[in-house]
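Work through the exercises below with the model open. Try each task before reading its solution.

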Amino acid sequence: MAQFDINTSRSILSGTPGLLKAILSSVPEEWAKTNEGEATWSPFDIIGHLIHGEKTDWIPRTKLILSKSTEPFTPFDRFAQFENSRGKSLYDLLTEFTHLRNQNLNELDTLEISEETLQLTGIHPEFGKITLKQLLATWTAHDLGHIYQISRVLAKNYKEETGPWVKYLRVLTD
């Protein structure tokens with residue numbers, strides 16, 4: 001397993017908006033709004049969730065840790081996208097996400113992050129003490145998890161049509 005590297009994380013984080021645009025900009029709206037059943041998210045919902053994280057989670061928490069504050073993080077509303085995305089198109093969401101991600105990465109670049117500051121801690125409302133390294137690694141893994149989730153939801157549109165190959169396509173059975 002690889003060790004955390006901020007440059008690798010930044011590279012992955014900077015690629016996410018373009019990858020999501022490439023995958024989602026040409027899918028029909030019904031695919032973008034498809035989910036895996038009750039209490040699951042569509043690609044549209046996931047982009048809204050990513051936007052909310054860009055606004056309220058990663059950089060605000062990074063800055064709080066770097067300030068050495070003992071104030072706990074504001075709890076993250078994992079369902080805010082259902083209100084915040086209302087009335088917007090998928091294109092609008094992808095554009096907003098790209099803008100916010102670029103803005104946040106530019107801000108991350110201005111912060112003085114070193115091996116020492118990666119060990120600074122913040123207080124998560126559920127987990128307690130966490131390090132900046134853990135937060136930044138989670139931001140990266142969070143992106144990758146939602147990329148996989150979007151791929152899985154999209155692939156399941158053709159689950160029945162794959163016939164017997166479904167047994168070899170884990171993306172259809174996860």
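**Exercise 1: a pair between helices**

Glu107 is partly exposed, at 24% relative accessibility (buried is under 20% relative accessible area, exposed over 50%, partly exposed in between; 1.4 Å probe, protein chains only). The model is predicted: local features need pLDDT of at least 70, side-chain atom pairs count only at pLDDT 80 or more, and totals for chains, interfaces and linings use all residues. Residues are numbered from 1 along each chain as its sequence is written, and side-chain values use heavy atoms, with hydrogens and water left out.

Task: With which residue does Glu107 form a salt bridge?

Solution: 
1. Apply the criterion: a side-chain nitrogen of Lys or Arg within 4 Å of a carboxyl oxygen of Asp or Glu.
2. The partner is Lys63, with the closest N and O atoms 2.6 Å apart.
3. Glu107 sits in helix α6 and Lys63 in helix α4 (residues 58–66), 44 residues apart, so the pair links distant parts of the chain. Helices are DSSP runs (H or I, at least four residues), numbered from the N terminus.
4. Lys63 has 40% relative accessibility and counts as partly exposed.

**Exercise 2: the largest pocket**

Task: What lines the largest pocket, by residue class?

Solution: 
1. Define the pocket. On a 1 Å grid over the protein atoms alone, it is an open set of points where a 1.4 Å probe fits, with protein on both sides within 12 Å along at least five of seven lines.
2. Its volume, the space filled by probe spheres set on the points, is about 480 Å³.
3. There are 19 lining residues, each with an atom within 4 Å of a point. Closest to the centre are Asp57, Arg61, His124, Phe127 and Thr138.
4. Helix α7 gives the largest share, five residues.
5. The classes are nine nonpolar, six polar and four charged. Asp, Glu, Lys and Arg count as charged.

Terms used. Helices (H or I, at least four residues) and strands (E, at least two) are DSSP runs, numbered from the N terminus.
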